[in-house]
Amino acid sequence: RLSVKGAWDYPIWNREHVWPQSHLQNSGQKSDMQNLKPADVDENSRRGNLPFGYMSGSGVYEPHDDVKGDIARIILYMLTKYPGLNIDNVGSINLFMQWHELDPVDDFERNRNEVIYLYQKNRNPYIDNPEFVDLIW
């Protein structure tokens, strides 16, 4: 929940794979910028490879309310782009649908999608068209 300078600053912060690397199948999935977010090193370690859910410390990891929708849309993007991934490794569709509704797309997320497009030349359709979540899932 703190601001950090833009340059890589390990051990202060690092890159978190929202869908953990250990549950990804290839380097393309591991380097997809849509799946990467900056994270506090200690907080990232607390999460580890735990699936998302409610009540951190109970075998799941619960992010802050104002990023739950962001996380949900990243997970749904990953499932759409990489259909071989197993949702059971990261949570449940029902959970991510709830989080999508709880935390609507905001300007930060839209800007992030634009910046990723500049580098990676693809977009998260669930950010551009949030209604796709209900239509597809």
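A residue is counted as buried when its relative accessible area is under 20%, as exposed when that area is over 50%, and as partly exposed in between. In the predicted model described here, Lys68 has a relative accessible area of 1% and is therefore buried, because this value falls under 20%. The side chain of Lys68 meets that of Asp65 in a salt bridge, with a distance of 2.7 Å from N to O.

A search of the whole structure identifies 10 salt bridges, and among them is the pair formed by Glu109 and Arg73, whose closest N and O atoms are 2.8 Å apart. Glu109 belongs to helix H5, which covers residues 107-120, whereas Arg73 belongs to helix H3, which covers residues 68-81, so this pair ties together parts that lie 36 residues apart in sequence. Both partners are buried, Glu109 with a relative accessible area of 3% and Arg73 with one of 0%.

A further salt bridge is found between the side chains of Glu114 and Arg123, again described by its N to O distance, which is 2.8 Å. Here Glu114 counts as partly exposed at 40% relative accessibility, and Arg123 is likewise partly exposed, its relative accessible area being 26%. Beyond these individual pairs, salt bridges that share partners join Glu62, Asp65 and Lys68 into one network.

Notes
Residues numbered from 1 in each chain as written. Predicted model: local features only at pLDDT ≥ 70, side-chain atom pairs only at ≥ 80, totals over all residues. Heavy atoms only, no water. Salt bridge = Lys/Arg side-chain N within 4 Å of Asp/Glu carboxyl O. Buried < 20%, exposed > 50% of the residue type's maximum accessible area, 1.4 Å probe, protein only. Helix = DSSP H or I, 4+ residues; strand = E, 2+ residues; numbered from the N terminus.
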